[in-house]
Amino acid sequence: MMNRLTLVLMFLAVAITSTAQSSSGLRHFEAKGNPVITDIFTADPAVLVEGDTLWMFTSHDMKATKDVDPNKNGGYEMEDWQLFSTTDLRHWTQYPCPLRITDFAWADSHQAFAGQAIKRNGKYYWYISTNWCGIGVAVSDKITGPYKDALGRPMLTVKDCPDSKHAWACIDPSVFIDDDGTPYLVWGNGECYMARLKDSMVELDGPVQRIDITEDHPFTEASWLHKYEGRYYLTYASEFPEKIAYAIADDIFGPYETKGVISDTPENSFTTHPAIAEFKGHWYFFSHNGALPDGGSYSRSVIIEPLYYNPDGTIQFIPATREGVSVKE
Ligand code: FUB
């Protein structure tokens, strides 16, 4: 039988543990299917696998939690980016906000659009977009930050999107390091662009090249590059409202052959935004919908589904479910 002293000691242990968690700024939660994160609105997932940990970098929609003019900022109210980690896709940790749009003094748009982070030479480089002010890059010695603007100016602007005419063409950077160690950046809205990066990760190494995507599944935005069995997969948001389509190439700069739609327009959101990664021997697809209460196209939520390849390397259609991933070890 527990005596009173034991009960008091147990209570103190619990109290001390929760205080330690809140003072460290970490928040632990369990995902109950899709959407994965239910207490803030998250969008544009980008993932980085390190050993047994999957890190997820997201945009942060603040529309539903703020009293804002619905016509302001073209509907988006996005001031910072968020970081999460998991070892089983079910138990998650959220970290103190590692990067804000105000960390980029030149970003007069004040819009923290989609980005992706990667590790190189012992540092983490986080490429972000800002709507019409261009693509920036932040750097940190630790994945959890603090991150600082690596250049003090945009790394790319609409001038680096030579075939584009609209102000928001230079968004949605996705970074990829090939097996031989060469880094690449792919980005764009309306038109898709790609360039090799220097080892410094903050400068282009060679010309910007336009990636032609055939008209059967036209390119809108949200490119994501990955490699599977020696071939390059360019996954992207197509048409509007957006679906996710993909194309495959033998050379990273193409030509890319479109292979079809792998995910339909998500529930209650006219945008969608893919990430694809292998984690613990299984492949996963990350995206967003607007399915939370108060959710919508400007208050989105990250979802995760399993992804399967056919024997010829094509990707099976990914139905949207509320169940999400089942945890696989
Ligand atoms: O989240 C803002 C923008 O909406 C992203 O940059 C696009 O990919 C779309 O998801």
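# Terms and values in a 329-residue predicted model

The protein chain has 329 residues, and 56% of them count as buried. The model is predicted: local features need pLDDT of at least 70 and side-chain atom pairs pLDDT 80 or more, while totals for chains, interfaces and linings use all residues. Residues are numbered from 1 along each chain as its sequence is written, and side-chain values use heavy atoms, leaving out hydrogens and water.

Q: Why is T86 called buried?
A: Happy to start here: buried means under 20% relative accessible area, exposed means over 50%, and partly exposed is what lies in between, with a 1.4 Å probe and protein chains only. T86 has a relative accessible area of 2%, so T86 is buried.

Q: How do you know which strand T86 sits in?
A: Strands here are DSSP runs of E with at least two residues, helices are runs of H or I with at least four, and both are numbered from the N terminus. T86 falls within residues 80-86, which form strand β4. By this scheme the protein chain has 1 helix and 21 strands.

Q: Which residues does T86 contact beyond its neighbours within four places in sequence?
A: Contact means heavy atoms within 4.5 Å. T86 is in contact with D52, T53, L54, H91, W92 and F279.

Q: How many cavities does a search of the whole structure find, and what makes a space a cavity?
A: The idea is simple: rolling a probe the size of a water molecule over the atoms shows where empty space is left. On a 1 Å grid over the protein atoms alone, a cavity is a set of points where a 1.4 Å probe fits but cannot get out, and a pocket is an open set with protein on both sides within 12 Å along at least five of seven lines. The search finds 1 cavity of 30 Å³ or more. The largest cavity holds about 40 Å³ of space; a volume is the space filled by probe spheres set on the points, and grid points are joined across faces, edges and corners.

Q: How do you know which residues line the largest cavity?
A: Lining residues have an atom within 4 Å of a point. They are D44, P45, A46, G115, Q116, D172, P173, S174, S223, W224 and H273. The strands β2 (41-50), β7 (115-120) and β15 (219-228) each supply at least two of the lining residues, and β2 gives the largest share, 3 residues.

Q: What makes a lining residue nonpolar, polar or charged?
A: Ala, Val, Leu, Ile, Met, Phe, Trp, Tyr, Cys and Pro count as nonpolar, Asp, Glu, Lys and Arg as charged, and the others, Gly among them, as polar. The lining of the largest cavity divides into 4 nonpolar, 5 polar and 2 charged residues.

Q: What makes Y233 buried, and what does the Y233 side chain reach?
A: Y233, in strand β16, has a relative accessible area of 0%, so Y233 is buried. Its side chain reaches the backbone oxygen of G313 at 2.5 Å. Y233 and A249 lie 16 residues apart in sequence, yet their C-alpha atoms are 6.7 Å apart.

Q: Which backbone angles in H110 and N131 stand out, and why?
A: Most residues other than glycine have a negative phi, and most peptide bonds are trans. H110, in the loop between β6 (99-100) and β7, has a positive phi of about 55°. N131, in the loop between β8 (123-129) and β9, has a positive phi near 65°.

Q: Where are cis peptide bonds found?
A: One runs from G145 to P146, with omega near 5°. Another runs from F240 to P241, with omega near -5°.

Note on methods
Polar contact = N/O pair within 3.5 Å; in protein donor to acceptor, adjacent residues only side chain to side chain.
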